[in-house]
Amino acid sequence: MNAGQCVARCLAVLALIAGRNASADVVINSTRVIYPAEAKEVTIKLDNRGQTPSLIQAWLDAGDARQSPEQARTPFVITPPISRIEPHRGMSLRLMFAGAPLVQQRESVFWLNVLEVPPMPAKGSGRNYLQLAIRSRIKVFYRPEKLPGRALLAYRQLQWTLHKDDAGRIQLECSNPSPYFVSFSTVAAAVPATTVSWRSRHGGMVAPGGTQRFELEGTAASLPTHGDIRFTTINDYGGSDEHIGHF
């Protein structure tokens, strides 16, 4: 292995390690954005909690995280798209709807991306450095006017079904007939008066009128005919609400 290959491999390893432990200095002050259809604009606040200035770039995409800002197409405009935030200071992004009308019978979802690029070291420092750009990504829910019901109570309409695949693995299917997206942080199934229970390792999201299957840990020789579902949903403010349902 020559010197150039050695350096390249070392940089690759350092990038992997740093990427796993890196944390953003610029923080979005919410975990989701609700955009009411009647609003002229929505404000999203950012804070730079680091010790150095940061350059940020903001854009929206329709669900493909691999798209660049130039490739992404959404009916929103965000300003400023590029900005500098001084250390221990904040700024606001303005999000405005400026596209063709969206479906009015249900919510639509998009993703806000905030890319943070730290400054380069001062010239003449003589130090080697590895510069990492960190991207934060949160959901933006477009909510039409006069949707029936309330987003906070959409969990009451969820319908649950327990399934088993050929390998005996348990899957929990959730159907959402409401016009709202429902996001989950935890999902578990249990059989009353027994020690039988299964839990999903991951949360998820069920679209309006859609279904989602959750892979549950554990196996079963046969499926129970009924049981309880304990699940935690994420509300408009990013808080967690615990519920009990049934299958």
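**Exercise 1.** Is Gln171 buried or exposed?

Solution. The model is predicted.
- Step 1. Locate the residue: Gln171 belongs to strand E11, which covers residues 169-175.
- Step 2. Take its relative accessible area, which is 12%.
- Step 3. Apply the cut-off: buried means under 20%. Gln171 is therefore buried.

**Exercise 2.** Find which side chains make polar contacts with the side chain of Gln171, and list the residues around Gln171.

Solution. 
- Step 1. The side chain of Arg213 is joined to that of Gln171 by a polar contact of 2.8 Å.
- Step 2. A polar contact of 2.6 Å links the side chains of Gln171 and Glu215.
- Step 3. With neighbours within four places in sequence left aside, Gln171 contacts Thr161, Leu162, His163, Arg213, Phe214 and Glu215.

**Exercise 3.** Describe the largest nonpolar core and the surroundings of Leu60.

Solution. 
- Step 1. This core has 23 residues, and those touching the most other members are Leu46, Ile56, Leu60, Leu93, Leu95 and Leu112.
- Step 2. Strands that each supply at least two of its residues include E3 (42-48), E4 (54-61), E7 (90-97) and E8 (108-117).

**Exercise 4.** Summarise the whole protein.

Solution. 
- Step 1. Count the elements: the protein has 1 helix and 17 strands.
- Step 2. Of its 247 residues, 36% are buried.
- Step 3. The accessible surface is about 14,700 Å², and carbon and sulfur atoms hold 52% of that surface.

Conventions. Residues numbered from 1 in each chain as written. Predicted model: local features only at pLDDT ≥ 70, side-chain atom pairs only at ≥ 80, totals over all residues. Heavy atoms only, no water. Core = buried A, V, L, I, M, F, W, Y, C linked by side-chain atoms within 4.5 Å. Buried < 20%, exposed > 50% of the residue type's maximum accessible area, 1.4 Å probe, protein only. Helix = DSSP H or I, 4+ residues; strand = E, 2+ residues; numbered from the N terminus. Contact = heavy atoms within 4.5 Å. Polar contact = N/O pair within 3.5 Å; in protein donor to acceptor, adjacent residues only side chain to side chain. Areas by Shrake-Rupley, 256 points an atom, 1.4 Å probe, with all protein chains shown as cover.
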